[in-house]
Amino acid sequence: KKPRAAFFQQSGWLMIAAIGGGIFSYLVHFLNKAITPEEYTAFGVLLSAMSCLPMMPVQMMFAQQTALSLTSGGERQLSNLIRLTWILATVVAGAVLVAVYFFQGRIVEGWHLPDATCLWITAVTMYLYLLLPIFSGVLQGRQDFFWLGWVTILGGIGRLVLAAVLVLALKWGAKGMMGGVLCGYVLGVAVCFWRSRDILAIPTATFDG
């Protein structure tokens with residue numbers, strides 16, 4: 001009964017966190033009343049461009065590898081996998097930043113963006129978008145469901161609060177809303193990194209081939 005009760009308790013918490021985080025993220029869209037339709041359309045374009053990569057399989061893969069490594073004593077190999085994937089994500093994000101630097105004029109014009117600032121904010125956010133599934137997968141594999149739920153909630157809260165400040169107080173429009181998205185990912189990655197820092201501190205080793 002105890003394992004079953006724990007399962008339902010954890011599942012219930014994750015469901016509540018997903019609903020709560022989703023509500024906060026959805027409320028961001030009500031800021032469209034404070035910006036022009038063109039700015040809101042640009043926000044939608046940037047959000048779609050950033051999330052075009054399906055990252056859920058990455059989280060599931062790290063959850064599986066983490067659970068396997070912790071039960072078989074493969075923490076060093078897991079640490080190595082995390083670092084190698086982190087490096088790969090950094091390389092991809094660096095390539096995106098280089099492309100933005102050289103083609104920002106064409107992108108801004110082709111996507112009908114208000115300026116290049118929101119494009120740069122999106123490029124930085126994409127890097128965190130690539131990192132979050134890595135570390136959240138580690139939390140999932142460790143069954144650290146309490147903090148995994150808070151990652152979702154804090155991501156939604158950070159997105160809403162900063163976007164509201166930047167849009168309503170500073171009149172930043174699309175870049176303010178993307179700034180909120182960036183804040184949400186910063187909080188999510190920071191919590192995941194903090195909760196998995198002990199694994200990252202382990203000396204690395206290669207997987208047995």
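Is Cys 118 buried or exposed? I find Cys 118 buried, because its relative accessibility is 0%; buried means under 20% relative accessible area, exposed over 50%, and partly exposed in between (1.4 Å probe, protein chains only).

I note the ground rules. This is a predicted model, where local features need pLDDT of at least 70, side-chain atom pairs count only at pLDDT 80 or more, and totals for chains, interfaces and linings use all residues. Residues are numbered from 1 along each chain as its sequence is written, and side-chain values use heavy atoms, with hydrogens and water left out.

**Cysteines.** I searched the whole structure for disulfides (a pair of cysteine sulfur atoms within 2.5 Å) and found zero. The closest cysteine sulfur to that of Cys 118 is in Cys 52, 16 Å away, so it is too far for a bond. Cys 192 is in no disulfide either; the nearest cysteine sulfur, in Cys 183, is 15 Å away. Cys 192 counts as buried, at 0% relative accessibility.

Leaving aside neighbours within four places in sequence, Ile 82 is in contact (heavy atoms within 4.5 Å) with residues including Phe 62, Ile 134 and Leu 200.

**Surface.** I checked Met 15, in helix α1 (residues 2-27). Met 15 counts as exposed, at 55% relative accessibility.

Technical notes
Helices (H or I, at least four residues) and strands (E, at least two) are DSSP runs, numbered from the N terminus.
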